[in-house]
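This report covers salt bridges in a protein model. The sequence and structure come first, followed by the computed details.

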Amino acid sequence: MKKSQKSKNPMTKMLSFVFIILLASCATTKSPSNSGFLEDYSRLRADQNGDRSMQWWEKKDFNWSQYRKIMLDPVVLYDHMEAKDKKIDSEKAKKLTDYFRNTVEKKLANKYPIVIAPGPDVLRIRTAITEIIPASPTINYPAMAVAFFPIDMGGAVIEVEFLDSETNEVIATMVDKKMGSPFKPRAFSRMGYTRAAFDGWAKELRIALDTNP
């Protein structure tokens, strides 16, 4: 009688584990759901530049370049029923919302002053973080050891309203989800990819104000 086949070696098991987790993470990636923070979601459309996670609407003839100053409402953490890990303690929540606001201010301040009063050239921005997606260092440590890249990329979802500060007319809205990239690893911090998402949105806002896309 032939001896039973030996079980897979540890390296093969680890590679199989990494592969399964990677497939699972890809399969669960989807567009964000609406939280209720925005008043109207019916006008939102898929991003014209091919970003599958972004939904966008802006008023016809909206001209970013007419606004030279920014009025930022406090960033809020706006939980909804489908949000993963929606229960986050108040101290962590404040650190994340403060980080997001400070990142936007740093990205804009040298050209677009942050003001507290409405004006004809002031764009008001309301922002809610509607989902925090933490990364798992527990998964990423073995993945990095075997495959040399992380497989559990965290991120965040935001909803944003852009308003004329004098009339409070809504002139643009956005819902977007950003996930981390294995090529910009922040795999060993639960909130590293979330902060990277905030960095990305701040950069995109600056580009929009500069280029009037």
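At 36% relative accessibility, Lys 59 counts as partly exposed, a class between buried (under 20% relative accessible area) and exposed (over 50%), with a 1.4 Å probe and protein chains only. Glu 169 is also partly exposed, at 35%. The side chains of Lys 59 and Glu 169 form a salt bridge at 2.8 Å, N to O. This pair links distant parts of the chain, 110 residues apart: Lys 59 sits in the loop between strands S2 (55-58) and S3 (69-72), and Glu 169 in the loop between strands S6 (155-164) and S7 (170-179).

## Basis and terms

The model is predicted: local features need pLDDT of at least 70, side-chain atom pairs count only at pLDDT 80 or more, and totals for chains, interfaces and linings use all residues. Residues are numbered from 1 along each chain as its sequence is written, and side-chain values use heavy atoms, leaving out hydrogens and water.

A salt bridge is a side-chain nitrogen of Lys or Arg within 4 Å of a carboxyl oxygen of Asp or Glu. The structure holds 11 salt bridges. Helices (H or I, at least four residues) and strands (E, at least two) are DSSP runs, numbered from the N terminus.

## Pairs within helices

In helix H2 (residues 90-108), Lys 94 and Asp 98 lie 4 residues apart, about one turn. Their side chains meet in a salt bridge at 2.6 Å, N to O. Lys 94 is exposed at 52%, whereas Asp 98 is partly exposed at 32%.

Arg 206 and Asp 210 are 4 residues apart in helix H4 (residues 192-211), and their salt bridge spans 2.9 Å, N to O. Arg 206 is buried at 16%, while Asp 210 is partly exposed at 36%. A network of salt bridges links Lys 111, Arg 206 and Asp 210.
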